Amino acid sequence: MADEFDRNWLALIAPLTWVEAFYALIGLTRLGERPTTVERLAAALQRPEEEAIKLAWKASRVRPDKTGRIHLDTPWPGASPRRRLLVDGRKLPVSGCAPDLFMVAAVLDVPFRVEDTCPVTGAPIRIAFAPGSVERVDPPETVVAMLSPEQANTVTEMEIEQINMDLCVQQPFFSSAEAARGWLGNHPGGRVFPVAEMVHRPFVTHIRDTWRPRILANAA
């Protein structure tokens, strides 16, 4: 059942059209495997094409080429890679927030794996995602850190590069709740969730139930 933390995160994410565009670009391009088009992005967002172009730039710093195609080379611009994704035989060094990956799974039509490292213990973290869900977690005790919605609310005033460098780095995976104790002490109001629980948080299910159908309906 959703609590105040969940409701406030959903209230923060749901109205942000550029966040929707961010995940639409990921789903439409299958994390950069193929280009999409302005027409498809606009249809997925249910926005005019001119607005879709502006949102694509705000979301991932991409613009259409002369043929109207949009290529997504770096979904999370502005920061050094912090983990690796393996999808369709490709190895993608990426940054972004750990919670982002649950929302990526909500809009992709293919499975992918995440390779990361706990910032406290140094333990390797491996997570196998299926479309809209998680299939395997190693270690099983892995948790996902999320800032309080109040602290994350600054996202509405920040550019994507600043979000990636200053905000996303504060939301990592930890190999256990014990490993996250120091993070919780330094981030009042923040919470950590077991990986299996994250797929059921309302801000994830909103994307899966509301944005995903439109995105996949317009995927190439």
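Is F129 buried or exposed? F129 is buried, because its relative accessible area is 1%. Before we go on, remember that this is a predicted model.

Let's stay with the aromatics. A search of the whole structure finds seven aromatic pairs. I will show you two of them, and F129 is in both.

A quick reminder on the numbers. A pair of aromatic rings is described by the distance of the centres and the angle of the planes.

Take F102 with F129. Their ring centres are 5.1 Å apart. Their planes stand at 80 degrees, so this pair is edge-to-face; the cut-off for that label is over 60. Where do F102 and F129 lie? F102 is in helix α5, residues 100-107. F129 is in strand β6, residues 124-130. The pair therefore ties together parts that are 27 residues apart in sequence. F102 is buried too, at a relative accessible area of 1%.

Now F112 with F129. Here the centres are 4.8 Å apart. The planes are at 10 degrees, so this pair is stacked; planes under 30 degrees apart count that way. F112 sits in strand β5, residues 112-117, and F129 in strand β6. So this pair links parts that are 17 residues apart in sequence. F112 counts as buried as well, with 3% relative accessibility.

F102, F112, F129 and F173 form one aromatic cluster.

Next, charges over rings. Which residue lies over the face of W57? That is R63, at 3.8 Å from the ring centre. There is also R191, which lies over the face of F5. In that case the distance to the ring centre is 5.0 Å.

On to helix packing. Two packed helices are described by the angle between their axes and the distance between the axes. Look at α5 again, now with helix α10, residues 202-217. Their axes come within 8 Å and cross at roughly 35 degrees. The crossing is right-handed. Who makes the contact? From α5 we have F102, M103, A105, A106 and V107. From α10 we have F203, V204, I207, R208, R212, I215 and L216. Notice F102 on that list; F102 is also part of the aromatic cluster. What classes of residue make up the contact of α5 with α10? Ten are nonpolar, none are polar and two are charged.

Last topic, the backbone. Most residues other than glycine have a negative phi, and most peptide bonds are trans. Let's see some exceptions.

The peptide bond from D138 to P139 is cis, with omega near 0 degrees. P139 lies in the loop between β7, residues 133-138, and β8, residues 143-146.

Then two arginines. R30 has a positive phi, near 55 degrees. You will find R30 in the loop between α2 (17-29) and β1 (36-37). R30 counts as buried, because its relative accessibility is 15% and the cut-off is under 20%.

R61 also has a positive phi, near 60 degrees. R61 lies in the loop between α4 (49-60) and β2 (69-70). Its relative accessible area is 22%, so R61 is partly exposed.

That's my tour. Over to you for discussion.

Technical notes. Residues are numbered from 1 along each chain as its sequence is written. This is a predicted model: local features need pLDDT of at least 70, side-chain atom pairs count only at pLDDT 80 or more; totals for chains, interfaces and linings use all residues. Side-chain values use heavy atoms; hydrogens and water are left out. Rings of Phe, Tyr and Trp (its six-membered ring) pair if their centres lie within 6.5 Å; planes under 30 degrees apart count as stacked, over 60 as edge-to-face and the rest as tilted. Helices (H or I, at least four residues) and strands (E, at least two) are DSSP runs, numbered from the N terminus. Buried means under 20% relative accessible area, exposed over 50%, partly exposed in between (1.4 Å probe, protein chains only). A charge sits over a ring if NZ of Lys or CZ of Arg is within 6 Å of the ring centre and within 35 degrees of the ring normal. Axes are lines fitted to C-alpha atoms, for helices over the stretch in contact, and angles run from 0 to 180 degrees between N-to-C directions. A crossing is left-handed if the near helix is turned anticlockwise from the far one by less than a right angle, and right-handed if clockwise. Contact means heavy atoms within 4.5 Å. Ala, Val, Leu, Ile, Met, Phe, Trp, Tyr, Cys and Pro count as nonpolar, Asp, Glu, Lys and Arg as charged, and the others, Gly among them, as polar.
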